[in-house]
Amino acid sequence: MRLKVCGLTDMNQVRQLNDWGVHFCGFIFYPKSPRYVLNNNTTEAIKRVKGTINKVGVFVNEKEDNILKMVDECGLYLIQLHGDETPRTCENLSNYVTTIKAFRISENDNILWKIKDYQDVVDIFLFDTEGVGYGGTGKKFNWNMLKGLSIRKPFLLSGGIQPDDVPELQNFMQDSVAKDLFAFDINSKFEIAPGIKNLALVHEFFNQVNPL
Ligand SMILES: O=C(O)c1ccccc1NCC(=O)[C@H](O)[C@H](O)COP(=O)(O)O
């Protein structure tokens with residue numbers, strides 16, 4: 001299974017992930033996040049990262065123009081819209097770049113209802129946990145809510161995934177919903193500090209999930 005490592009701020013770490021064959025790396029372009037990636041020279045540093053790893057820019061309710069500027073300046077291959085973006089905004093941006101729409105899930109949500117207006121306007125979905133600060137909560141939502149659903153679009157499973165979750169992920173993959181499962185997304189449970197990953201933990205996890 002593919003892996004996205006999100007919330008990176010150190011380009012040497014990104015290069016290491018690329019060398020291991022990790023599929024996606026996520027950069028947070030949301031100033032209120034402790035993993036906010038931008039400072040004076042970061043855009044150039046992100047652009048300089050070469051390889052097969054796919055660079056994902058994560059945005060929260062950002063202006064369309066600013067998103068497209070970052071796509072260009074950083075050489076982003078995908079964008080992840082993690083706020084309250086409308087289907088119209090998603091559609092506009094999908095005309096220019098491969099687009100992931102994130103949905104933050106809480107216990108009483110009707111997931112199919114939540115995604116229905118986005119079905120035709122984005123490329124990929126991501127399911128994360130509802131919480132303070134939009135993302136990076138380190139908390140899981142109830143994955144059973146996805147089981148048996150027909151998502152009809154590739155999706156990433158996200159939210160509080162931790163190093164010892166491999167058996168639980170394998171179990172999730174047995175359900176019919178997993179025919180649309182596209183990747184696992186990991187973040188705060190693999191950190192030394194916000195934005196800095198424990199690469200040993202990431203490597204071990206990648207070696208376990210990559211063959212699944
Ligand atoms: O990680 C953040 O700080 C963040 C802040 C605001 C919006 C999105 C954010 N992260 C996006 C991601 O894709 C995370 O990987 C996802 O929320 C899961 O994080 P975690 O629960 O820490 O595994």
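## Basis

The model is predicted: local features need pLDDT of at least 70, side-chain atom pairs count only at pLDDT 80 or more, and totals for chains, interfaces and linings use all residues. Residue numbers start from 1 along each chain as its sequence is written.

## Overall shape

The protein chain has seven helices and 10 strands. Both are DSSP runs numbered from the N terminus: helices are H or I with at least four residues, strands are E with at least two. The C-alpha trace spans about 45 × 40 × 30 Å along its principal axes.

Of the 212 residues, 36% are buried. A residue is buried if 20 or more other C-beta atoms, placed from the backbone, lie within 10 Å of its own. Contacts are pairs with C-beta atoms, placed from the backbone, within 7 Å. Among contacts with a separation of 6 or more, 64% join residues 24 or more positions apart.

## Barrel and helices

Eight strands form a closed barrel with parallel pairing, in the order β1-β2-β3-β4-β5-β6-β7-β8. Neighbouring strands are turned by 30° against each other on average, direction ignored. Strands pair if DSSP finds at least two bridges between them. Three bridges join β6 (residues 124-129) to β7 (residues 155-157). Phe127 stands opposite Leu157 in β7.

Helix α3 (residues 64-74) packs on the sheet and touches β3 (54-59) and β4 (78-81). Its direction makes about 155° with that of β3. Helix α4 (residues 87-94) lies across β4 and β5 (98-105), at about 155° to β5. Axes are lines fitted to C-alpha atoms, for helices over the stretch in contact, and angles run from 0 to 180 degrees between N-to-C directions.

## Ligand shell

The ligand is surrounded by 26 residues; the closest are Cys6, Gly135, Gly136, Asn187 and Ser188. A residue counts as near if its C-beta atom, placed from the backbone, lies within 6 Å. β2 (24-28) and β8 (181-186) each supply at least two shell residues.

## Ile161

Ile161 sits in the loop between β7 and α6 (166-172). Ile161 is buried because 22 other C-beta atoms lie within 10 Å. Leaving out residues up to four places away in sequence, Ile161 touches Phe184, Asp185, Ile186 and Lys189.

Technical notes. Buried ≥ 20, exposed ≤ 12 C-beta atoms within 10 Å, placed from the backbone. Contact = placed C-beta atoms within 7 Å.
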